[in-house]
Amino acid sequence: MNVVGTSAKRIDGIEKVTGTAQFTTDIVLPRMIHAKLKRSPLAHAKILRIDTSEAEQMPGVRAVVTAADLPDVRLGILTLDEHLLAHDKTRLVGEPVAAVAADTPEIARAACEQIEVEYEELPSLFDPEEAIKLDPPVVLHEEYEEYEKLLELAEMDERPPNLWQAYRIRHGDIDAAFKKVEDEGGHIIENRYATGYVHTACMEPHGAVAQWSSDGTLTLWAGGQSPYIARDGLAKALDLSPSKVRVIIPFVGGAFGGKLTVKEGAIAASLARKARRPVKIILTRAEDLSATAARTPFIFDVKDAVTQDGILIGRKVTSILWGGGYSGEGILKPIFSTHLYPGSYRLAALWVDSYGVYTNRVSGGALRGYGCAESAWAVETQMDIIARKCDIDAVELRINNLLTEGERTAITMPAHAFSAHECLTKCADAIEWETPSEPLDPPWYRGKGIALGNKYSFAPTASSTELKVHEDASCELRTSAVDLGQGAYTILTQIVADEFGIEIDKVKLVTPDTAITPFDHVAGSSRQTFHTGNATRMACDDAKRQIRELAAPKLEAHPADLEVSGGHIFVKGSSKSIEVEDLFVVEMLAGKRPADVEILGKATWEVSASPHDPNTGQGEQPMAYMGHGAQAAEVEVNVETGQVRVRKFVSAIDVGKAMNPQGVEMQNYGGGCMGIGIALHEDMCFDTSGQMTNASLMDYKIPSIVEMPLNEYMESIIVEVPHEHGPYGAKGAGEIVVVPTSPAIGNAIYDAIGVRIWDQPLTPEKVVKAWKEKKASGNGSES
Amino acid sequence: MVDCHYLEPTTVSEVCTLLAEHGDGAKVVAGGQSLALLLRNGLIQPSHLISIQHVTELEDITASEEGVKIGAKVTLNRLIGIDDAHPTLRALSDAIKAVADPQIRNFATLGGAICEAHPASDITVVLISLNATVKLASADGERVVPMRDFVTGAFATAAQPGELLTEVIVPSFDLTVAAAAHRRFVLRAGDYPVVGVGAFVSLNGAGQCQEARIVVGNCSGAPVHAQEAEARLKRNNIVGNNGVLAAASELAAAHVAPSSDPMASNEYKIDLVSVLTKEALTEAVALAIG
Ligand SMILES: Cc1cc2nc3c(=O)[nH]c(=O)nc-3n(C[C@H](O)[C@H](O)[C@H](O)COP(=O)(O)OP(=O)(O)OC[C@H]3O[C@@H](n4cnc5c(N)ncnc54)[C@H](O)[C@@H]3O)c2cc1C
């Protein structure tokens, strides 16, 4: 190995910094027109009438579509509950009700304003705890029972009418655990935690370009995370056979879970079909922030049974995901958020009840960590509280409760490549955990906090790749893996270069295009290095096998005795060799002519899963792998203004094998920055009618570089505990880097000023309030 | 895209003529940093944009007995460090350092910052605390308006249609006994502040406060003068007297009645007024005693 494991330069770097990289917005086609959406101003309403006649008459308008122009199908990831354009009801502010394509975006926008929609406003429901009641004040989906569903909820006597997800973990005797603690004098620690409304707010807003060809094939360009999920979604929405849909993913300006589906693309496609012209749609920043899926809040009630000496013997969690009008891409979050609980600690008893409910707010989606960054906020704050209660150091307490390699977890699956201990101790060392923070003059206070995290990668899943070897011994990898900025293309290139013993610049990537590149599930769940990486190695093996077979007669050797490297084919243990290019020619009397040779390696890497039982959460293999990481922060808190500065930040994550160490470092830094934003700053705000009130980057506070620790105080630690199934032992790095961030910071704030803030983000205003309450009550001790 | 005429006069009198000619539909554009947002959001729909980019006579900074005169078109970046040459502008320079970011400050002008009349503007807060005045020119002539009367509400000024702000005059004061200071609190670098406070104090020989001005931004449409707080300081010994500064800060906080916004509740803003007033006063007093 010589390329894998090195910090090879980003292969997309030059294109991106010189501005030649093509993103969706750069695509311009002949006769292309522009689309805008007419969105609902109401959170919950019946649509009585839509009048598009005036808009249609406007000069420059080429097509207008409403639900009436579309197949009457509901869409969704697993619960199909959402029409592309609102059908008879709208269930959130900003839901698209109609769309216009016109010669310019300005005309399209003006035409949208001319569309008249008559609504009958219905009472709205915004409170998840109201929503989950058996007898809620408002029901969003009256026809829920008739919807097509691809999942099974946990059994319940009666389903609350706004519930779309229910999942349980049942392991051990939870009542006995609490009783034991009561009888033997331990601690029962019970708290409620909440996360906030966070948006992916990618640099590139959602958008797409759609074009139909004369044979009825749709081609769609869109910044998405999965060309195949996009293809199947388009086919379903437009009632086409998937073979009639081609999805091309150009460069993507960030996704973080927000670009799993391409709803806007499907609307653009329906306009393009009607207008018989290519249609481009690019959402405005305000639309992107207010009307595309967000990381919606969770509420967690955590109750722990802890022995006097700090051993966690029972944990009970009830959580509600505050969903929006539709189940959306958040559909699996109530399940997957629970994977965190058994992932790090030994739990003799673990009971979890996890739900997702509809409300008339923005739909819940994925955002880096898919539920685990949220559940970590609850349980890793809880661990800090337990440590203080038991008067045991917070690192030691965690270590005392950790699983060990090979141990059965509370959901059956054994712990493997279990690196939590190493991540935690390396992180603690780097932040000088043993040394208390140097005090500052009031009103400033300093403190340190630490947290552990884990992140599953889902299964079942599969990745296929194809590897073509050219005459000049260069290799072409065809993959539907998407580089969202995380560096996937560079790593896959490194793997090919490594497997063939060639220079990186002799590897070419054919990027996602469903007409050319084979199936890959998704650029999500930190899965591409692991799965596409494996598939790439296997496709390389397959191509090398073909090369050996072609070379064997020429070298008069058995294929098994040959080795392919650096463009040569050697006979092992001898000096005999030929070049790869020799395989592409045949010797004729008069000289050489091209041989009829195609070297195309193919492979599919698949990870199956044992289905998890929604009533017990048990399963031998409910996921592909689990990654671990720890983070620590030192903060400075001003108790008068509430300002929190993260002075130092350490992120220690286990990636099994750092395929590209600089890439991992960037994940540590970038993830840390994003995590700091989520912990302290970012918060989507809504008024009482369900309208987002800070839908601009001026008001939605993504922190700037000034809010980050100085370079020398930001530390990245790479831990490498190889996974038996990972390529070269590697696991993913993309999500774990935001999982422990919030609790690490929250715990540091407690260390500094002795107050807990239970709901994210931990804004200055909440800090001041909590500090004042502490002063008023005269103590800061926790229950 | 905006559909309107874009004019580029080169002198103040040409600007005034054009403003008179095109009436209500005319808008001055200086650095365009605020104007572009208003246009994009459809909040203004001018028929004519009159750029003052080439009006070089608005670029001067001159000092006289009266004070320092700053042309309306002087960019914010040029004002950073201006206190080296004009020490009375120290608080202004300090405040501007924190405004937006270097790219914006490179285009943004002092006149634009004042005429934008943003409720959270740091620049108006400081200028009012410095007792500055502005000069307005129109086809009918010139007039001078004190800054404290110029900003009349959120995004509203006393400028009449047809008037161009040509210069800002910051009056002289005796640096050996007087000083101004500014404090702000932001949720993120480069943002408009949640609350900003400008303070000016002058002392007599006995360390008593002679003059005091406390101006609070973003607690109302226009900057607010905390008069009770100012009164609490006047004729009192304020050197080394933390108690009186704290009392004045409390009065300033009691004086304001901000409304909540998505970023901050009114209670929190009031807390900040107290904290920032105290800090600004403490710094101003320290500077005044030299
Ligand atoms: C992201 C961002 C953050 C900011 N943060 C802060 C902050 O923290 N604190 C703060 O104080 N300010 C802040 N600002 C405001 C900034 O100071 C102003 O945007 C800038 O100074 C405006 O100057 P301009 O030359 O670009 O004005 P323009 O945008 O050209 O004009 C602004 C307004 O003033 C009018 N106008 C301009 N010049 C004249 C004139 N000579 N006579 C009459 N009318 C005129 C225009 O017609 C327009 O209505 C921020 C701005 C941005 C964009």
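Contact here means heavy atoms within 4.5 Å. The legends below describe a predicted model.

**Figure 1. Contact between domain 1 and domain 2 of chain A.** In this predicted model, 18 residues of domain 1 of chain A touch 20 residues of domain 2 of chain A under that definition of contact. About 1600 Å² is buried between domain 1 and domain 2 of chain A, with 58% of this area on carbon and sulfur atoms. A:Asp81, A:Leu92 and A:Phe256 together provide 32% of the area that domain 1 of chain A buries against domain 2 of chain A, more than any other three residues. The centres of the two domains of chain A, domain 1 and domain 2, taken over C-alpha atoms, are separated by 36 Å.

**Figure 2. Polar and charged pairs between domain 1 and domain 2 of chain A.** One salt bridge is counted between domain 1 and domain 2 of chain A. A salt bridge links A:Lys263 with A:Glu329, and the closest N and O atoms are 3.6 Å apart. Eight residue pairs in polar contact are also counted between domain 1 and domain 2 of chain A. On the side of domain 1 of chain A that touches domain 2 of chain A, seven residues are nonpolar, five polar and six charged.

**Figure 3. The three-stranded sheet of chain A.** An open sheet of chain A is formed by three strands in the order β4-β2-β6, with antiparallel pairing. Strands β4 (89–90) and β6 (116–121) of chain A are at the edges and have a single partner strand each, so one side of each is left without a neighbour in the sheet. Strand β2 (residues 45–51) of chain A is joined to β6(A) by six bridges, and these two strands run antiparallel. A:Ala45 lies opposite A:Glu121 in β6(A).

**Figure 4. The interface of chain B and chain A.** Here 16 residues of chain B are in contact with 22 residues of chain A. Chain B and chain A bury about 1700 Å² between them, of which 60% is on carbon and sulfur atoms. B:Arg188, B:Met263 and B:Tyr268 account for 34% of the area that chain B buries against chain A, more than any other three residues.

**Figure 5. Salt bridges and polar contacts between chain B and chain A.** Two salt bridges are found across the interface of chain B and chain A. In one salt bridge, the side chain of B:Asp271 meets that of A:Lys772 at 2.7 Å, N to O. Nine residue pairs in polar contact are found across the interface of chain B and chain A. Helix α11 (residues 266–288) of chain B contributes five residues, the largest share of the side of chain B that touches chain A.

Methods: Residues are numbered from 1 along each chain as its sequence is written. Chains are lettered from A and ligands numbered from 1 in the order in which they are written. This is a predicted model: local features need pLDDT of at least 70, side-chain atom pairs count only at pLDDT 80 or more; totals for chains, interfaces and linings use all residues. Side-chain values use heavy atoms; hydrogens and water are left out. Two strands pair if DSSP finds at least two bridges between them. Helices (H or I, at least four residues) and strands (E, at least two) are DSSP runs, numbered from the N terminus. Domain bounds come from an automatic or database domain assignment. Buried area is the accessible area (1.4 Å probe) that two parts lose on being put together, summed over both. A salt bridge is a side-chain nitrogen of Lys or Arg within 4 Å of a carboxyl oxygen of Asp or Glu. A polar contact is a pair of N or O atoms within 3.5 Å; within protein, one must be able to donate a hydrogen and the other to accept it, and residues adjacent in sequence count only if both atoms are side-chain atoms. Ala, Val, Leu, Ile, Met, Phe, Trp, Tyr, Cys and Pro count as nonpolar, Asp, Glu, Lys and Arg as charged, and the others, Gly among them, as polar.
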